[in-house]
Amino acid sequence: MLLSYLRKRRILSLLRHSGPLAVRLTGTKYGCGGGGCGACTVMLSRYEPVSKKILHCSANACLIPICSLHCTAVTTVEGIGSTKTRVHPVQERLAKCHGSQCGFCTPGMVMSIYALLRNHPEPTLEQITEALAGNLCRFTGYRPIIDGCKTFCKEPFCCQNKEIGNCCLEQEEKLLLFSNQEEKVSLFVFMRTKLFSAEEFQPLDPTQELIFPPELLVSRDAVDINLILLRVSVHLGELTPWLGSNTLNPEEILVSVHIPHSRKGEFVSAFRQAQRRENALPIVNAGMRVFFEEGDVIKEFSIFYGGVGCTTVSAKQTCQALLGRHWDEGMLDEACRLVLKEISLPGSAPGGKVEYRRTLIVSFLFKFYLEVLQSLKTMYPSRYPDIPEKYESALKNFRIGIPQSVQMYQDVDAGQFPQDPVGRPIMHQSGINHATGEAVYCDDIRAVDEELSLAVVTSSRPHARIVSIDASEALKVPGVVDVISAPNVPAANEFYYFEDPEFVFARDKVICVGQVVCAVVADSDVHAKQAAAKVKIEYEPLEPLILTIEEAIRHNSFFEPQRKLEQGNVDEAFEIVDQILEGEIHIGGQEHFYMETQSVLVVPKGEDKEMDVYVSTQHPAFIQEMVASCLGVPFSRIMCHVKRIGGAFGGKLMKASLLSCIAAVAANKTGHAVRFILDRGNDMLITGGRHPTIGKYKVGFMNDGRILAVDVSYYFNGGCTPEDSILVWIFCVCKTNLPSNTAFRGFGFPQAGLVTESWIMGVAAKSGLSPQKIREINMYKEISQTHYKQELDPENLVRCWNECLEKSGYHSRRKAAEEFNKQSYWKKKGIAIIPMKFPFGFGKRSLSQAAALVHIYTDGSVLLTHGGIEMGQGIHTKMIQVASRELKIPMSNVYFCETSTTTIPNSCASVGSGGTDVNGMAVKDACQTLLKRLQPIISENPNGTWNEWVKEAFEQSINLSSTGYFRGYDGYMDWEKGEGRPFDYFLYGAACSEVEIDCLTGDHKNIRTDIVMDIGCSINPAVDIGQIEGAFVQGIGLYTMEELKYSPQGALYTRGPDQYKIPVVCDIPEQMSISLLSSSQNPVAIYSSKGLGESGLFLGCSVFFALWDAVAAVRQERGQVGSFVLNSPLSPEQIRMACADRFTEMIPKDGPGPVTSWAISI
């Protein structure tokens, strides 16, 4: 494959590492190796002799065979522009429109759009969406990427009202904050919508693009494979047996498929339903054809299904039985009965979703029936009756609209110094380097002399004793240097941060599938992986095997401590309430799916046991501590370096440290540098994610909607070791035989919040009031205490709620949705508005301390270092903004190099959205110290320049280097008393989302979302709005799409983007509005800002509850009364099966017999 060629181990090897043909092009990234993420996108160009044109297309390099590239030009991101030559307009606009955050996916995005522009210099909005459909981004939420691409469109990308002062990109909203009529004084703030200036962009000139290499031009007389393919025709009727059962022999190739024009009276349609609308394999698809004679009498009938067997399945018997029948309701009922009998899908069928797939079989048949009926009516208006009005909606397919968005933020004060960047939408510090592919990630570091590669051998059993490990065959593989296991660890192989240990290597037993047993080091990653596959491990099963929360409860398998919070007498309250609701909700886990997989490069220095560790981590000090402890050396001998990482979301803490230990042990034993890069499949197998959760609740409420008593039990599936679970969730963490789950954006709040909002829905259903009314009745309205007795002022919560109601037009849109639902039977709309009170804090001062180091050089330039990690949240950009303000110099004077334990010791993890809060305080402290030292010089020469002041300070021997320090927030919690002040402040927000569902397939469309967020005073509105949008879209994934599937033996099925689907560009709302609450102050944090990166994720549940609302409308119309619960993720399967109808009733149900499901519900 092209990716292997370029990298040596995949296409990128020759581009990245040494070798006779190495060119070290690091822009093309490895993301998944399966063509599912777009990180390795390149442009292929070839001369087409028939049309005599050069054709360009984007392609995933990991899927391109080298043999297919004859006479083809391959262009990587470095080929179109760089900071050393000229940045291409695509690269510039993507960066300046803030379409890059972690930056790992950005080169792929650039190349997809670049290829589109080479074919269509003025693309349509539809072409842009289609071009980006194969590229994944886990950080931005896609909106800023689309904004950058829209600037190339021939259609206007804004309202085009700039001449009259009403451009949508430059809207200002004048808000009245205070008015005193007696004194005739009013206070206003201005809200802006402009995040970038299109006037700054260089124009796209197609004449200046790279020419096609003349030496690759092929004579028009040369043989072209396309001409060969045209010589053989396979008619549609002849295609049937080949699709059904036949396979090609090794010496055969398929040369042509001929699809003839349909005949009069012949109708052909195709249907598909997937987990995601674009770039996803179908759960079930179907192709159907009917040919009539004498009006509507069936003469020929063909029905094929995919996804219901190991090959395409033909319903031959059903079709044969229906020949001669009229196309009517009786035929439909008979067809459904026959096809379900003929196409039998067993309960243990691979892929699961068995009842859903059975339902799709007949749902697609019904859709085909209606399509043909409509066509017959169009052709013969007088012969056939109109389709029943309530059925018409089944024929309307969802159209993917072009996302439109508005972002509104408070403008800086008119008196703010123009050079002061705080509060302004500043481009990401590395945005241009991201877009040109020049940004260096861990695996982009050049190969060290005699560097080795490492591959791990993981357990295939969930709970077993290791009987033996046989590495003899592995050691025979060419290039293999050694096999490393627990006996080779010089010091600590187990780390006790809680009662249960974390393991570097499994020693005597394994406790989950995916636990690392040993590792192979070789001269290349290909050899290392080949050898790892030859290691033989013999196991002896152990009992019990615990995978699910229910099993953990039965076996009383929990991590300690287990805690609870109580306020008031719940039992007494239950005695006086009017109604009681009891239920439970299941919430699935979530994979981090950071674009850059776990990566580490360990380089022994050769003396005094020193080591440099280059690693993709959120916590360098923790890496240093664990590697040093593992090797038995002082912390000071291990130097950990992090330039940037390609996403993390909490997934690069403990596991990154354990993987670093593995590489360090190998480097220590061999004496060579060791590079260890997990492929996507192993990354997903070895590392855990968000905790699957069960919430069990009992709620007492009055008939007027007031909730008086709540008793809730939360159970988290923690996996096999505590890792960070005890920090994420302090109540009840189940110990199971799955890979350890860990911190994830939101830190337990997304699960707990969904449980709460679910029983709110239940209370609304039982009381007869709307969910919005129940939320308003029970919302904080004045200064109150939380259930752990921390004081809370809800003013901004109420403001967010009211502004969201107003800006979204919630009440009018709810009426419109209800009216739509009355007219539409098979499509339903739903709308929901959700409030949020998200806590910020670490609960302990030592966890939020921070340090910074600032150097001023004699040329006036400034080098800034702090303990925060850049993972896409823009922390380095914000720290440069802080330094710029404090030192009163332009941002261009300030440079950030890397985060390192050599400059900032004992740094805390970059987690919990606290990076800017704590490191900003430290940077501010250091800069103020320096400015104080310079003040006497500035006073003596007030008209001097910065450079003059710095040089004079040096001449006067004034120290131009300073550390800064922040002690941290003073949070605490007394668990014995059940009270404290664990959080430093709260973020507030509200989101209103509207959706439309297809009741026949479970598919849905996100129509519109309005979000209002209180984030204090934004340091960088462009970065902060991007964080809100990215978190929200990640929340859409959690609550509606992303499903982890495990075998009954605890093995993860979903090990890559082919099986695990995160949102793509077509999944975001067609209309999206983000408004930052104006005039919000937060005296606790730097410049009155708030740490916001995690909070927006929970607002994605507004889509979940909008879907719930749509399903409720379906069930109410069909007489299914009473409350119900929908679990998360609310996938197409769940939506379809909740919309019960005659088709769900007719499918065969699996009884409680001994059927072993393909997958278990975790």
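Figure 1. The chain carries 113 positive and 130 negative side chains, where Lys and Arg count as positive, Asp and Glu as negative, and His and the chain ends are not counted. The centres of the two sets lie 3 Å apart, with each charge placed at NZ of Lys, CZ of Arg, CG of Asp or CD of Glu. In this predicted model, local features need pLDDT of at least 70 and side-chain atom pairs count only at pLDDT 80 or more, while totals for chains, interfaces and linings use all residues. Residues are numbered from 1 along each chain as its sequence is written, and side-chain values use heavy atoms, leaving out hydrogens and water.

**Figure 2. Cys149 and Cys153.** Zero disulfides are found in a search of the whole structure; a disulfide is a pair of cysteine sulfur atoms within 2.5 Å. Cys149 is in no disulfide, and its nearest cysteine sulfur, that of Cys153, is 8.1 Å away. Cys153 is likewise in no disulfide. Cys149 is buried, with a relative accessible area of 3%, and Cys153 is buried at 11%. Buried means under 20% relative accessible area (1.4 Å probe, protein chains only).

Figure 3. Of the 1162 residues, 58% count as buried. Residues 24 or more positions apart account for 75% of the contacts with a separation of 6 or more, a contact being heavy atoms within 4.5 Å. The C-alpha trace spans about 105 × 80 × 75 Å along its principal axes.

Methods
Buried means under 20% relative accessible area, exposed over 50%, partly exposed in between (1.4 Å probe, protein chains only).
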